[in-house]
Amino acid sequence: MPDRINEAILRHLRHDGRLSNAELAERIGLSPSACLRRVKMLEKEGVIRGYQAIIARRNAPPVATVIVQITLERQTEECLRRFESRIRECPDVKECYLMTGDADYLLRVEARDMQDYERIHKEELSRLPGVVRIQSNFAIRPIVQQEKGQTGG
């Protein structure tokens, strides 16, 4: 059963991960020490996996967003496990989802340019275990883009 205090902590940190412990404690109605204990527990349990800065695209180096569909030769538990273990080691893969439908996985990859994506395709994606098909689509521009931490997921 979800704990309302923990949910409040997560809601506030999701909105502003730089809140001081004292301010967070005040907002949720706990003492600073009790609040800190809960935050540390959420971190230890892996509920809070880290904190990050969200950089405005206009201030960041230009990147190409590539949506990649991966199809595996088999969908056995062992094939999925091997693929998922290796995809986590690919630094250019920013997101990876197990999918229903035609492709087994959907990836969001960031590359500096076409040549960089060619490197990623040759050196990372095509060497993943069990891959039989890679379909890549370059994004032209974002239309709706919610910042991480602003949604429930």
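**Figure 1. Arg37 and Lys44 are exposed on one side of helix H3, while the buried residues of H3 are Ala34, Cys35, Val39 and Leu42.** Helices (DSSP runs of H or I, at least four residues) and strands (runs of E, at least two) are numbered from the N terminus. The model is a predicted one, in which local features need pLDDT of at least 70 and side-chain atom pairs count only at pLDDT 80 or more, whereas totals for chains, interfaces and linings use all residues. Residues are numbered from 1 along each chain as its sequence is written, and side-chain values use heavy atoms, with hydrogens and water left out.

**Figure 2. Helix H3, its covering elements and its end.** The cover over the buried residues of H3 includes H1 and helix H2, residues 21-28. After H3 comes glycine 46, which has a positive phi, near 85°.

**Figure 3. Helix H1 (residues 4-15) packs with helix H3 (residues 32-44) at an angle of about 80°.** The two axes, which are lines fitted to C-alpha atoms over the stretch in contact, with angles from 0 to 180 degrees between N-to-C directions, lie 11 Å apart. That angle makes H1 roughly perpendicular to H3; angles of 65 to 115 degrees count as roughly perpendicular, under 35 as roughly parallel, over 145 as roughly antiparallel, and the rest as oblique. On the H1 side the contact (heavy atoms within 4.5 Å) is made by Ile5, Asn6, Ile9, Leu10 and Leu13, and on the H3 side by Arg38, Val39, Met41 and Leu42. Sorted by class, this contact has seven nonpolar residues, one polar residue and one charged residue. Ala, Val, Leu, Ile, Met, Phe, Trp, Tyr, Cys and Pro count as nonpolar, Asp, Glu, Lys and Arg as charged, and the others, Gly among them, as polar.

**Figure 4. Helices H2 and H3 pack with their axes 9 Å apart.** The angle between H2 and H3 is about 100°, and the two helices are therefore roughly perpendicular to each other. H2 brings Asn21, Leu24, Ala25 and Ile28 to the contact, and H3 brings Pro32, Cys35, Leu36 and Val39. By class, the contact of H2 with H3 has seven nonpolar residues, one polar residue and no charged residues.

**Figure 5. Leu24, Ala25 and Ile28 are the buried residues of helix H2.** These residues cover an arc of only 100° around the axis, which puts them on the same side of H2. What covers the buried residues of H2 includes H1 and H3. Just after H2, glycine 29 takes a positive phi of about 80°.

**Figure 6. In helix H4 (residues 77-87), Cys79, Leu80, Phe83 and Ile87 are the buried residues.** Seen down the axis of H4, the buried residues fall within an arc of 95°, so they line one face of the helix. The elements against which the buried residues of H4 pack are strand S1 (64-72), strand S2 (93-98), strand S3 (105-111) and strand S4 (131-138).

**Figure 7. Glutamate 43 in helix H3 and arginine 14 in helix H1.** Glutamate 43, at 25% relative accessibility, counts as partly exposed, and arginine 14 is also partly exposed, with a relative accessible area of 36%. When neighbours within four places in sequence are left aside, glutamate 43 is in contact with Ile48 and Tyr51. Arginine 14 and tyrosine 51 are 37 residues apart in sequence, while their C-alpha atoms are 9.3 Å apart in space.

**Figure 8. Proline 142 lies in the segment after S4.** Proline 142 has a relative accessible area of 46% and is partly exposed. Although 77 residues separate proline 142 and threonine 65 in sequence, they are 9.3 Å apart in space, C-alpha to C-alpha.

Key: Buried means under 20% relative accessible area, exposed over 50%, partly exposed in between (1.4 Å probe, protein chains only). The arc is that of the directions from the helix axis to the C-beta atoms.
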